[in-house]
Amino acid sequence: MVHVLASIGFSLVALATLSFIALMLAASRDSIILALGVGRAPVTHRPRHPVRIRTAGRWQAVQPASAQPQRAAA
């Protein structure tokens, strides 16, 4: 009977310790992600030089803001 009570007590202490560690990690989650450098910040690429678009008429005119930079296929 003593072994059963000791086992239950040890399990409760271990569970409390693990939950405390999980709580502390969850509280500092942003700092950990920032330190590891795996944050999901949106990547925005700005063109190095302004893009010029030659319009080909009223119906085929393209606004400079809608020009998407394209990368060559590897």
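The accessible surface of the chain comes to about 7,900 Å² in this predicted model, and carbon and sulfur atoms account for 64% of that area. The chain has 74 residues, of which 0% count as buried. Its secondary structure consists of two helices and zero strands.

The two helices are H1, spanning residues 2-27, and H2, spanning residues 29-36. Helix H2 lies largely in the open, because the number of buried residues among its eight is zero. Just after H2, Gly37 adopts a positive phi of about 75°.

A nonpolar patch is present on the surface, formed by Leu18, Phe20, Ile21, Met24, Leu25, Ile32, Leu36 and Val38. Together these residues have about 810 Å² of accessible area. Both H1 and H2 contribute to the patch, each with at least two residues. The largest share, five residues, is supplied by H1. One of the patch residues, Ile21, is located in helix H1. Its relative accessibility is 44%, so Ile21 counts as partly exposed, a class that runs between the 20% limit for buried residues and the 50% limit for exposed ones. In an α-helix, residues three or four places apart point the same way, because there are 3.6 residues a turn.

Charged side chains were also examined. Side chains of opposite charge can pair when their charged atoms come close. One salt bridge was counted in the model. This salt bridge joins Arg29 to Asp30, with the closest N and O atoms 4.0 Å apart. Arg29 and Asp30 are both exposed.

Methods: Residues are numbered from 1 along each chain as its sequence is written. This is a predicted model: local features need pLDDT of at least 70, side-chain atom pairs count only at pLDDT 80 or more; totals for chains, interfaces and linings use all residues. Side-chain values use heavy atoms; hydrogens and water are left out. Helices (H or I, at least four residues) and strands (E, at least two) are DSSP runs, numbered from the N terminus. Buried means under 20% relative accessible area, exposed over 50%, partly exposed in between (1.4 Å probe, protein chains only). Accessible areas come from the Shrake-Rupley method with a 1.4 Å probe; for residues, only the protein chains shown count as cover. A salt bridge is a side-chain nitrogen of Lys or Arg within 4 Å of a carboxyl oxygen of Asp or Glu. Patches are made of residues with over 30% relative accessible area and no salt bridge: like charges are joined within 9 Å, nonpolar side chains (Val, Leu, Ile, Met, Phe, Trp, Tyr) within 5 Å.
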